[in-house]
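Here are a few exercises to work through with the model open beside you. Try each task before you read its solution.

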Amino acid sequence: MDAPFSNQGQSSLHQWVTQTGWSTAEPPEPFCNPLPSFHQLNLDPVPDQNHIYNQLQASGNDPQDDSVGRNAHHSLQHISDADQNVQQRFSDAVSAANRGQSLSSPPLMNEQFQPLNPQQMTLYSPYSPRQIGSSPLQFPQGTLNAPQSSHLPGQHVHPSPQSVPQPEFDGANVGSPVGYGHRHPPTSPIQPQPQWMSSAHSRGTINTSASQERIMTPQSPSSESRYGLDPKLLPSAVKVTEEDEAEWGGKVFVSEHFSRLPPLATTPCLVEDKGNASPLAIRCTTYCVPCEGQTMLLSRLPLGALVTPLARHSPDENPIPSCEAADVVVGCCWCGASMCPAMSWQDCGQRFHCPFCGKVSQVPRRLFQPTGGVEGTRVDKDRRPELSLGSYEILHSEKHEPAALLLAVDVSPAALRGGHVEFVTQQIHTLLSSLKQDADVRVGLMTYDNRVHLYDLSPDLSRPHMMVVTETEDLQLPVREGLLVSLRDCAESLDSVLQLLPEFGADGDDSDDVPLELPVRAGLAVLQGLKCPGKLLIFHSAALIETGNTNSSSGFFGTSKPKSIFQPSEEAVSLAKDCVSQGCGVHLFILSQQDVGGAWPGHIPYLTGGALYTYSYLQGDLDRERFGADLEQVVATDTSYKAELRIFVSKDLRVSGCYGLFVPGPSPAHVTMATLDRRTTLAVELTHTRALDETRGAAIQVVLSYSSQTGEKRSRVHTLTLRSSRHLQDTFRNYQAQTLLTFYCKKMYCSASERPLQELREELQTEVTEALACYRKHGCSSSASAGQLVLPQFLRALPVYINSLRKSEVLLPGLRSSVHQRLQQRCQVLSLDTCSTVRHFYPLLLPLTPPVERSNPQKPEGALRCSAASLEPSGLYLIHAPLTLLLWVGSQVPACTLGELFNTSCFSSLPSGEMKLPALENSLSVGVRSLLSTLNSQVPFARKLLVVKQGDTCEEALQRHLVEDKSPNGGASYADFLYHLHINSVRLLQ
């Protein structure tokens with residue numbers, strides 16, 4: 001609705017204030033103008049802007065133009081007459097607020113007033129071309145996470161005068177404990193200021209602490225800002241990615257001692273190890289650590305690292321070298337850190353100083369070599385990887401049992417009636433046929449209903465023997481030999497058993513209630529009996545039931561602790577710990593979709609390094625193909641077992657938290673996992689214990705000890721050294737938005753089990769707001785006016801990333817989000833690496849017309865901003881995220897294009913939903929299918945293509961991925977969130 005005119009009565013103003021959701025109470029003190037000056041309100045306009053905007057621009061710069069940064073000390077620009085008019089109008093609004101009246105927002109003003117647009121704002125770069133400042137966001141305050149009545153291209157909307165902004169819905173405020181963190185929240189050097197919050201009694205507000213919770217229907221999202229911001233002129237995550245790829249794409253990044261900031265995680269480039277670990281293995285939040293802990297607290301940004309111990313390197317890079325344990329120079333005898341280039345030599349090479357504990361260790365005589373040169377390095381440095389490289393691997397002499405593949409098939413009456421047993425046995429037969437080339441792998445088979453059936457596949461037997469275990473509470477193995485046999489020796493026996501399973505008859509109780517823990521306990525008993533690690537693949541078809549002390553979702557909206565729904569039961573945690581100690585990774589395939597209360601079956605799989613795979617309609621070809629792809633990927637993924645991760649940091653730092661999918665242990669610096677693969681990434685949080693030595697810098701070492709598929713005992717060592725500085729500007733300049741996004745994601749998703757979701761969302765916004773205020777105060781010169789949004793160069797995309805995280809389905813559930821979906825998505829996202837995490841929160845939006853050759857996922861210059869404004873009714877657009885593959889079809893796509901891609905020339909006859917593109921022999925069809933194949937190879941999950949037509953009801957699936965717009969679940973748009981960040985950061989400094 002429009003704002004009231006200045007001559008309207010007090011009663012109408014009071015009514016308008018109430019409808020807009022703001023409190024009518026008198027403020028305890030006068031509102032201070034967060035932006036007292038309207039200088040530098042000038043930016044280059046985009047074409048076709050009206051005359052008042054053209055008058056407002058004088059000699060400004062484009063907020064997306066990096067050339068602004070090259071003029072680090074550009075002169076201030078003068079205010080024009082039009083600027084004076086805009087300033088006067090906003091001053092009137094601020095004066096009204098100081099009199100206790102509501103502060104109106106530009107989009108709500110009458111048509112005689114032109115709202116302020118970011119194209120009248122200037123960019124400011126105080127120091128280097130690698131920093132950027134932008135825009136004087138001068139707007140009144142509103143409520144975040146309030147969806148507005150708006151629409152996608154071509155969508156018709158009939159606004160209602162009674163429409164009011166909807167608040168964020170936080171009824172499902174829940175979380176789950178998979179991670180570890182010692183939380184010692186520091187006192188902020190910046191005193192927190194009152195935030196712009198709507199009154200608890202104002203209209204459109206939900207009191208989440210009350211038992212009664214109103215369910216508000218979210219409206220269609222839009223990129224339109226409530227404050228007149230043009231989203232096209234805001235900092236673009238797409239442009240940041242393009243600029244980084246233009247600088248590093250196809251080039252070599254040399255990772256050396258105290259190396260500079262690496263390329264972004266989404267930029268494909270080669271890495272040369274010259275003494276520092278590759279950013280693929282260790283990627284720090286900042287590559288310049290403050291010397292003082294108080295300086296780190298002042299920045300309000302986290303100090304930490306993302307650790308991917310088994311990250312896959314490019315084939316064009318040198319492989320990680322392997323060394324025999326007997327030939328490696330022994331590491332520190334005090335703290336246990338491995339030898340690395342960060343060790344400093346003393347006494348001509350007889351002793352070395354450890355940066356992780358500060359003590360001196362003696363070198364064994366047989367490994368002694370003298371030092372030489374000015375730097376005092378050993379003369380054999382170039383011949384020893386542990387002395388010259390940031391990453392290397394140690395091969396130990398001890399040998400463990402090779403890993404096994406154990407298959408558990410549900411043969412309950414429900415599975416037999418649904419035909420699932422026949423389908424699963426066919427898929428297993430196909431899988432084993434493909435594994436015969438790797439005949440050394442040991443395979444076992446068992447079936448279960450309310451009992452357990454074990455199969456002796458020993459080649460000495462004329463035929464397999466089946467053994468029935470009825471005592472499932474205290475499960476004892478009748479035999480051990482023959483339960484796990486080399487595939488070369490048992491292929492025929494397995495085939496014969498698989499052929500008979502569909503004809504299996506239930507001899508016992510004809511009950512469909514099969515506890516899901518039963519096959520886990522049985523498979524774990526088999527692996528424990530044979531003392532070997534392995535993968536346990538469970539194919540479950542029976543109904544999911546709650547057993548033991550499982551947390552239920554009953555009373556979810558009325559409970560005072562709704563977060564408990566994310567927490568696994570004590571029985572699940574205990575069973576997961578047993579699996580971790582044995583090295584048993586559980587992969588669970590649910591063949592019948594049943595959303596039953598809190599009986600979510602995914603806790604044990606994800607806590608053991610496995611995963612949960614669900615299939616709603618297994619009779620369909622698409623789900624069957626996805627099942628086969630998932631099964632093949634699980635078995636083919638190179639996996640490490642019985643992993644032990646130790647983290648060492650400089651003696652002046654400590655590990656205060658570790659976040660990821662694992663069972664928490666007594667120390668965050670020591671993590672044990674059943675299995676992990678090349679994508680497993682953990683977030684490590686660091687804290688100062690004392691001041692760092694600026695000359696020595698900081699060091700981080702990650703040592704992963706594990707057992708390989710063949711039973712070899714290995715240790716992979718990654719070491720990273722970082723510069724330290726006493727200047728806060730250096731710290732801000734060495735942060736990267738993508739790294740911060742991944743770190744915050746893992747920390748917040750793991751914290752969801754212990755803290756309310758609204759508190760986590762507010763903490764995210766507060767930390768980023770205070771960080772921007774700190775950078776404005778300590779990172780830029782005094783010439784920056786309050787009307788400028790000042791951001792470091794590599795944090796330009798941070799606001800859009802953080803906003804996407806805040807309004808994700810896990811932290812801000814929508815009305816159509818089930819508890820199971822949120823639990824599944826949370827664990828899937830926690831299992832992603834940095835690059836995939838970024839793609840999840842800011843998907844790749846690729847136009848397929850013009851020609852698909854331009855939409856190369858390795859070269860995202862064809863990518864568009866994730867906003868409805870990027871979609872044209874005449875175009876085809878592909879949304880690529882790790883969990884989603886979506887094709888949006890505009891209503892005005894030419895008939896010839898529809899025919900080439902879908903084999904239909906009529907838009908109305910094109911079906912929406914999951915589909916497989918027909919294999920047609922034309923350039924468009926071949927190019928799109930090739931692109932889909934390439935994108936699918938980059939993600940850890942098999943995905944189905946979802947086709948969404950413009951105007952369909954299923955368009956909400958697309959809207960959830962347009963992260964710059966208002967979200968269907970009530971999340972604020974990027975423009976509105978950025979506005980709030982800027983306003984509150986300026987207020988902190990007043």
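**Exercise 1.** Work out why helix α16 can be called largely enclosed by the rest of the structure.

*Solution.* Start with the ground rules: this is a predicted model, where local features need pLDDT of at least 70, side-chain atom pairs count only at pLDDT 80 or more, and totals for chains, interfaces and linings use all residues. Residues are numbered from 1 along each chain as its sequence is written, and side-chain values use heavy atoms, with hydrogens and water left out.
Next, find the helix: α16 covers residues 757–778 (helices are DSSP runs of H or I with at least four residues, strands are E runs of at least two, both numbered from the N terminus).
Then count: 16 of its 22 residues are buried, so α16 is largely enclosed by the rest of the structure. Buried means under 20% relative accessible area, exposed over 50%, and partly exposed in between, with a 1.4 Å probe and protein chains only.
Finally, check its span. From first C-alpha to last, α16 reaches 31 Å, close to the 32 Å expected at 1.5 Å a residue (the expected span is 1.5 Å times one less than the number of residues).

**Exercise 2.** Say how the rings of phenylalanine 539 and phenylalanine 589 are arranged, and where the two residues sit.

*Solution.* First, the rule: rings of Phe, Tyr and Trp (its six-membered ring) pair if their centres lie within 6.5 Å; planes under 30 degrees apart count as stacked, over 60 as edge-to-face, the rest as tilted. The count comes to 17 aromatic pairs.
Now apply it: the centres of phenylalanine 539 and phenylalanine 589 are 5.1 Å apart and their planes are at 20 degrees, so this pair is stacked.
Then place them. Phenylalanine 539 is in strand β20 (residues 534–540) and phenylalanine 589 in strand β21 (residues 584–590), 50 residues apart, so to speak a link between distant parts of the chain.

**Exercise 3.** Find which rings have the charged ends of arginine 378 and lysine 949 over them.

*Solution.* The test is that NZ of Lys or CZ of Arg lies within 6 Å of the ring centre and within 35 degrees of the ring normal. For arginine 378, it's the ring of tryptophan 345, with the charged end 5.2 Å from its centre. For lysine 949, it's phenylalanine 907, at 4.7 Å.

**Exercise 4.** Trace the partners of strand β14.

*Solution.* Two strands pair if DSSP finds at least two bridges between them. Take strand β8 (residues 322–324): three bridges join it to β14 (residues 391–399), and the two run parallel. Here serine 322 has glutamate 393 as its bridge partner.
Then go to strand β28 (residues 712–725), which pairs with β14 in the antiparallel sense over six bridges. Lysine 399 stands opposite glutamate 712 in β28.
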